[in-house]
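Open the structure in your viewer and keep the selection tool at hand. The stops below say what to select and what is there.

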Amino acid sequence: MRGRLIHKDDVLKIVDVLRQDHEVVAPFYGRGRDTYFDVVTDANRNAIQIHLPNPYYPPKRYVLPHIQRMFKVKAGTDAGIEPCDESRKRAIFGIRSCDVAGIFHLDRFYLGKEYRDDYYAKFREKLFIVNVVCSDPQIDVDDDCFCVCADTGTAAKDHFDLQLMDLHNGSDFLAVAGSAKGEALFSLPFFKKASAEHVQRRREVLSEVRKRFKVATSWYSAAIRFITGRGVNDETWKIVGDRCLECGGCSYVCPACTCFTVSDRKTGPDEYERVRMWDACALGGFTRMAGGHNPRKAVHDRRNRRFFRKLAHYFMQRELSMACVGCGRCVSVCHGDVGMPSVVEIIRRTTVGEAKP
Amino acid sequence: MINSREQNVYQPKMAVMEDIREEIQDVKTFYWRFENPEDQKAFKTFMPGQFAQMSVFGGGEIAISLPPSPTEDRLFFTTRRVGSVTAAMHAMKPGDRFGVRGPYGNGFPMKDYASRNLIIVAGGIGLIPLRSVIIYALHHREQYKKIQVFYGARTPKDLMYVENLQDWQKDPNFECYLSVDRADEGWKGNVGVVGSLFKKPGVHMPVENTTVFICGPPVMFRFVLADLKGMGFDDRNMVSTLERYMKCGVGKCGHCCIGVAYVCTDGPVFTLEQIQKLGEVI
């Protein structure tokens, strides 16, 4: 196993090493109960958190910025296009396993098919991922999490450069390398050899933390089957649609949502820039065409769309993973309680003929 | 400065407007060329039914049909002024520079239709993508059997590509039938919806070994479909192009996704059978 031991007091030294040639982002506590990813500076370096609730605003924005310049353009007679590249060498320290799976999903989507997204590719190839496993049942995992159902956690199996896990023995973390770049860090003096007992301890911690998960989404695979076979009736989608407030929040916090819209904005006389920004299928204008015709006008059509896109088997084959990583953010964000687990539950109840929820 | 397509699919190539012609009310045809002859050459590989992404800088970018056939020399767009980008387009003048990228989409598999009869049914500005099919098919006339064109517009003033229509009606190599909903004084042809042409004396539409192309407004589409089905045409042999709000044209932005298909990459050309299987109301 490409594993090493590292003392808990040395863990942040990894950040120091990475900061030499990366912009490092890491999770912090805000002023209340909120947590967020931010750029590590000398001032906040010691405030980096290992155990904390997963930040609400997903680290997806470090590969797919919320708003991104695509190119600058001069109109008029001397018109010309100047491409923009806002990517930089960056490391995400402390990204959770669900969000690692989210980035893998984005990889498959943006880089996988006949067209390659150049902007995404530039961000992605410069990214170093240090995954921290959710190992503290009280702090790391909350009631909304369901990564064990989505099979993405609590420990990511792949797609990270380095993985750290608190062994909860008072002193040690187990580090696992997921790439050659990650393995290269093991030459640093604070990485020690791990023994079979440490690997055993890792297993124990993982099996302990699994007990924390309460959300009953064990019906996930059946929901996928029903949605793929179009066995979910319109009535069920209407129930979901009636609860949707069309805020688009679920898409904005989702680590696996990919949709974007594009807009030109004026930056000077005869100068414009084209920007792209996250978009959400919940919003009424998502499919509205010039002239006003909207093929997906009813809200339940748009909700149906979200879950069909995420769970239909066709798309899972295409991207090699479903577009839900079980992070639970849509559960926290949704005022109408139609996050993923809730919808799986609604599908279960209506298709097995129980009373309407 | 301009990247090759492999580098950045979202970055348009510079193009310049050459000539603008008023087609019918609110519809203009824009003749243009790429500034770089290499881009022009690469672009001219398109097939009928494919589309391009056209940028009016500061106005935005839209997906736009390609009315020319790749066998023709000049490139042009024809658009009706409906939204903000087409409004900006209609305000353009010859010499203005803009961006184009593409071609995108699957296009009509014209080679697969070899040695078949082609029936082309267009209503209003639905002729725009089908014009490409007609010109392409006439250029490769020997590859296809019977070719029939049925085109309907609201009034004689709403008939597009008038010069082409005049040529086509004289052309002995194929049949071209026109119809208008409301005639004016000079109109001598058929009056009625485009479907009324199907039953005219002298019109024989072969059902066997035939591909039918249909493009037009939803109402026309529904009635033509009912007529054709009544005549025994099969869903697999009827093709159309779908329109959706699109931002990227390359299957990434997500706006045009219907059921399991992205209209931009899996379409925009679908057979009627495929459209019904998409599982969403079109």
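This is a predicted model. Begin with B:V239 and B:T271, the latter in β15(B): the two are bridge partners. Strand β12 of chain B covers residues 238-241, and its pairing with β15(B) is antiparallel, over three bridges.

Next, select the whole sheet. Seven strands of chain B make it up, in the order β10-β9-β8-β7-β11-β12-β15; the sheet is open and its pairing is mixed. Which strands stand at the edges? They are β10 (190-191) and β15 (269-271) of chain B; each has a single partner strand, so one side of each has no neighbour in the sheet.

Then select residues 218-230 of chain B, which form helix α5. Helix α5 lies across β7, β8, β11 and β12 of chain B, and runs at about 160° to β11(B).

Stay on chain B for two peptide bonds. Select B:G102 and B:P103: the bond joining them is cis, with omega about 0°. B:P103 is part of strand β6 of chain B, residues 97-104. Another cis peptide bond, also with omega about 0°, joins B:G267 and B:P268. Where is B:P268? It sits in the loop between α6 (263-266) and β15 of chain B.

Backbone torsions give the next stops. B:N209, in the loop between β10 and β11 of chain B, is not a glycine, yet its phi is positive, about 55°. Is B:N209 buried or exposed? It counts as exposed, because 11 C-beta neighbours lie inside 10 Å and the cut-off for exposed is 12 or fewer. Switch to chain A and select A:H168, in the loop between β8 (162-166) and β9 (172-177) of that chain. A:H168 also has a positive phi without being a glycine, at about 50°. With 17 other C-beta atoms within 10 Å, A:H168 is partly exposed.

Finally, zoom out to all of chain B. The chain holds seven helices and 15 strands. Its radius of gyration is 19 Å, close to the 19 Å that the globule rule gives for 282 residues, so chain B is as compact as a globular protein of that length. Along the principal axes, the C-alpha atoms of chain B fill a box of roughly 60 × 45 × 35 Å. Buried residues are 49% of the 282 in chain B.

Definitions and conventions:
Residues numbered from 1 in each chain as written. Chains lettered and ligands numbered in written order. Predicted model: local features only at pLDDT ≥ 70, side-chain atom pairs only at ≥ 80, totals over all residues. Pairing = 2+ DSSP bridges. Helix = DSSP H or I, 4+ residues; strand = E, 2+ residues; numbered from the N terminus. Contact = placed C-beta atoms within 7 Å. Axes fitted to C-alpha atoms, helices over the stretch in contact; angles between N-to-C directions. Rg over C-alpha atoms; globule rule 2.2 N^0.38 Å. Buried ≥ 20, exposed ≤ 12 C-beta atoms within 10 Å, placed from the backbone.
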